[in-house]
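Subject: Handing over the model

Hi,

Here is the structure I said I would pass on. Please have it open while you read my notes below.

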Amino acid sequence: RIARKPHFDKILIANRGEIACRVIRTAKKLGIKTVAVYSDVDKDSLHVQMADEAYNIGPAPSAESYLRMDKIIDICRRSGAQAVHPGYGFLSENATFSERLAEAGIVFIGPPASAIVSMGSKSESKNIMSSAGVPCVPGYHGENQDATFLFEQAQQIGFPVLIKAIHGGGGKGMRAVTTPTVSAFNEALLSAQRESLKAFGNDTVLVEKYIERPRHVEVQVFADSLGGVVSLWERDCSVQRRNQKIIEEAPAPGLSPELRADLSAKAIAAARAVNYVGAGTVEFIFDNDTQRFYFMEMNTRLQVEHPVTEMVTGLDLVEWQLEVASGNPLPLAQECIPLVGHAFEARIYAENPRNNFLPDSGSLLYLSTPTPTHIFAPPIEQGFTQGALIGVFYDPMIAKVVVHGRDRTEALRMLRKALDEYHVVGVSTNVEFLRTLAGNKSFINGEVETGFIPKHFDELFPPVEEPSPEILAQAALFVALRDHSSSIGSTTQISPWTSLTSRRFGGDKYERVVTLQAENTTDQQVFSNVPATLSSPTTISTQLDANYSQTTIVSQSPPAALPASSSPNTMERLHVFSDGHKTTLVLPSPNWLLSLGGDLLKATKGALKAPMPSLVVDVRVKLGDRVEKGQAIIVLESMKTETVLRADAAGVVKAVGCKNGEMVEEGRELVEIEADEVEPPLP
């Protein structure tokens, strides 16, 4: 028996957010000291607070901080870290980083550079897999990029086909061609090549058979440096938006034991073919129509969705990574790896599902998460706490909700309950969309495919209902009690005169009319004489129609820089969480405040303001420039999405309040334009 080698004394985590926190948690359990790195905007982040040491690594942009190999290696030397855990994203699949760490005598907690290189190219990886007997989608993976030749290959494969960039991912450089004509093929080819060149610096593509009803099924593999390779079973990650996963489960529903064994065997063969070491994921396309599966790619790192595998096996995958990186054999043989129950992971993103899932940014004004019920791992994998800023520089994922049950039905029920209890105010999130998805009949039946969201779009995005009378009553009572109560739950002595608003001596009656409106409507409703108790600043207890309930209501003030107006975004918002739904109401501003706001609006007419926290990408005007109506003035970027601000009217630039590369808050006045005076019409 080989003597077990000791773990590292100290490791550096070259990442941020929830994955950095996840690695730190296991390291603490094993008595390993941790070193965090952080950019300027992450100095107060949770992973910095959790680590034993933390070092600033540069400005917010990733290229100047988390992607700087030289800085990370220097911090390893300064801190005495013996190994680097890359997490996922950033440098996790960068072969050069792995090689530079090795040259510096630092262990890369991941696979050898040769495996990263082989699996990083879609064409090379598929040639390797075909040679190893792993089934691949029929296609052309060669170097000939002549358009006529590629069209001939597409004809041999059989339409529909998929044109795909050999490097990169995230759906970029990918086009499906359903019409078997030269013009349709060439149009898609040129588009894919342009996008691939822009995103990855390489316009080489491959052409494959397009599977029309695919599932995304992946196998978690683990290998040690002594030749051992095992499968930790499969996950289904079919339900996606923008070619990115949002909900994952283990095991994959509907697979026979024979098919599961075959998938695992092929994944192990894939790992052996590239002499793999560490945690890896072999991704397959599963054809719902033929029940056949094909190799897609191998991710040479820990996956975002690894917790569902941990739940069904009871194994800590980060601990396994550290064990293998220390030179030890795999902790368990294949026949000893459990598969118990069913698990789901739902990714909580700062985004607006009803606006094509566009990302959002801002401060987590309020955050309340489900109470843990599982002793193995927390139900929430998160990298942010209440008050944290979800910035514009990084991925907008806030957290992951993870549940485990005895079977799929129980796990799904637990997921719905957990999502009901996950409350966020401050940024738009996909929580309610995930709750709707988890309750969808087809999803409950396991009828998953990568096109699930567009296929069931109408069911997943039902019309937004008007707030119920009960919701309006609770919100109105919340406002009345909040404004009437001087100090909720406080033991501080206060003057009795401060609590006499609308009261009469010898009585306890309090009467008030509260006008509310839904965020996108102007309907109003009046309530009076309804009893209620405000038990905390965000909890109201009411009894309506003999139904006693406790409801969470969170107030959100408008941005200070925005003057009061009739626009909902200048009013106080009330976020009401009830029965798994979040209803947002607005409190119309009083007339005296509207009049003041009107004066301010007149004073700032022609001013272009930041609609959200953003990075200024391009200021296209300077002081004194003449502009025309509709002209592009400023380009902003938030969460990798660009927004162009245009002139509302022709005029002259009177002030420029920002510069390229600057971070600006919501409501910030960026450019002031003095509009041309319009001649009054002749009588």
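Predicted model: local features only at pLDDT ≥ 70, side-chain atom pairs only at ≥ 80, totals over all residues.

Residues are numbered from 1 along each chain as its sequence is written, and side-chain values use heavy atoms, with hydrogens and water left out.

**The chain as a whole**

The chain has 18 helices and 39 strands. Both kinds of element are DSSP runs numbered from the N terminus: helices are H or I with at least four residues, strands are E with at least two. Of the 683 residues, 52% are buried. Buried here is under 20% relative accessible area, exposed is over 50%, and partly exposed lies in between (1.4 Å probe, protein chains only). As for contacts (heavy atoms within 4.5 Å), take those between residues at least 6 apart in sequence: 64% of them join residues at least 24 apart.

**The five-stranded sheet**

Now to an open sheet of five strands, in the order β3-β2-β1-β4-β5 and with parallel pairing. The edges belong to β3 (53-58) and β5 (107-108); each has a single partner strand, so one side of each is left without a neighbour in the sheet. Pairing means that DSSP finds at least two bridges between two strands.

Five bridges tie β2 to β3, and the two run parallel. Along that pairing, Val-37 sits opposite Tyr-55 in β3, and Ser-39 faces Gly-58 in β3. β1 and β2 are also parallel, with four bridges between them; there Lys-10 is opposite Lys-33 in β2. Six of the seven residues of β2 are buried, so this strand is largely enclosed by the rest of the structure.

Helix α1 (residues 17-29) lies across β1 (10-13), β2 and β4 (83-85), and runs at about 170° to β1. For angles like this, axes are lines fitted to C-alpha atoms (for helices over the stretch in contact), and values run from 0 to 180 degrees between N-to-C directions. Together, β1, α1 and β2 form a right-handed β-α-β unit. Right-handed means that, with the strands pointing away from you, the path from the first strand over the helix to the second goes clockwise.

α5 (residues 113-120) packs against α6 (residues 122-131) at about 100°, with the axes 5 Å apart. That makes α5 roughly perpendicular to α6; the class covers 65 to 115 degrees, while under 35 is roughly parallel, over 145 roughly antiparallel and the rest oblique. On the α5 side the contact is made by Val-117, Ser-118, Met-119 and Gly-120, and on the α6 side by Lys-122, Glu-124, Ser-125, Ile-128 and Met-129.

Ser-98 is in helix α4 (residues 95-103). Ser-98 counts as buried, at 9% relative accessibility. Leaving aside residues up to four places away in sequence, Ser-98 touches Phe-108, Pro-111, Ala-113 and Ile-116.

Most residues other than glycine have a negative phi, and most peptide bonds are trans. Here are some places to look at with that in mind.

- Phe-159 and Pro-160 are joined by a cis peptide bond, with omega about 0°; Pro-160 is in the loop between α7 (147-157) and β7 (161-165).
- Ala-250 and Pro-251 are also joined by a cis peptide bond, with omega about -5°; Pro-251 is in the loop between β14 (247-250) and α9 (257-273).
- Arg-242 is not a glycine, yet has a positive phi of about 50°. Arg-242 is in the loop between β12 (240-241) and β13 (244-245) and is partly exposed at 37% relative accessibility.
- Phe-357, again not a glycine, has a positive phi of about 60°. The loop between β18 (351-352) and β19 (358-359) holds Phe-357, which is buried at 7% relative accessible area.

Cheers
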